[in-house]
Amino acid sequence: MKFILNILWLVLCGFWMALGYVLAGVICCILIITIPFGIASFRIAGYALWPFGRTTVERRDAGAGSVVGNIVWIVFAGWWLALGHIVTGIALCVTIIGIPFGIANFKMIPISLVPLGREIVPTDQPFATR
C-alpha cells in the first residue's frame, strides 16, 4: 500500500515539492556558508519525493546550533517551502482522492520550517534514534 501511495504522491505533488527543496539546496550550496542548510534541504527533498513509510523524529544530539540554524532557515527558505505545502495541500483537498495527500502535505509543514535537528526514519522504527 505504501508503494501505491508513494506513486500517486509522486505524480500529484511529490515531484514538484522535491524540486522546490532541491532548488533551495542548490542555492544554499552556492552560498558556501549555508552548505549545512543545503544538505538538510537535499535530505528533505528525498522525503518529499517518497514520504509514505517514513517519518521524522527529533535528534537527541541537536543543540543550540540547530535552533539558531532553524531561525535562519525559516527567514530565508522555510516559509517559502511551507507556503508551497499549504497551497498544494489546499489544492489537493479540493478533490476526494486528494484529501489524504493534502493532509500529508500539511504534515510536512513543520519539517519544511525547522529541518535541523530532525532525522528521517522508517515508520516501523520511529523511536530507534532516541
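Visitor: Which residues of helix α4 (residues 99–107) are buried?

Guide: They are F101, G102, A104 and N105. Buried means under 20% relative accessible area, exposed over 50%, and partly exposed in between (1.4 Å probe, protein chains only). Helices are DSSP runs (H or I, at least four residues), numbered from the N terminus. The model is predicted: local features need pLDDT of at least 70, side-chain atom pairs count only at pLDDT 80 or more, and totals for chains, interfaces and linings use all residues. Residues are numbered from 1 along each chain as its sequence is written, and side-chain values use heavy atoms, with hydrogens and water left out.

Visitor: How do you know where the buried residues of α4 lie around the axis of the helix?

Guide: Seen down that axis, the buried residues of α4 fall within an arc of 160°, so they line one face of the helix. The arc is that of the directions from the helix axis to the C-beta atoms. The cover over these buried residues includes α1 (2–30), α3 (64–93) and α5 (109–113), where contact means heavy atoms within 4.5 Å.

Visitor: What makes W9 and F101 an aromatic pair, and why is the pair called tilted?

Guide: Rings of Phe, Tyr and Trp (its six-membered ring) pair if their centres lie within 6.5 Å; planes under 30 degrees apart count as stacked, over 60 as edge-to-face and the rest as tilted. For W9 and F101 the centres are 6.4 Å apart and the planes 45° apart, so the pair qualifies and is tilted. W9 lies in helix α1 and F101 in helix α4, so the pair ties together parts that are 92 residues apart in sequence. W9, at 0% relative accessible area, is buried, and F101, at 2%, is buried too. W9, F52 and F101 form one aromatic cluster.

Visitor: Why is the pair of F15 and W16 called edge-to-face?

Guide: Their ring centres are 5.2 Å apart and their planes stand at 75°, so the pair is edge-to-face. F15 is partly exposed at 40% relative accessible area, whereas W16 is exposed at 58%.

Visitor: How do you know how many disulfides the structure holds?

Guide: A search of the whole structure finds zero disulfides, a disulfide being a pair of cysteine sulfur atoms within 2.5 Å. For C28, the nearest cysteine sulfur, that of C29, is 7.0 Å away. C28 is buried, at 11% relative accessible area.

Conventions: Helix = DSSP H or I, 4+ residues; strand = E, 2+ residues; numbered from the N terminus.
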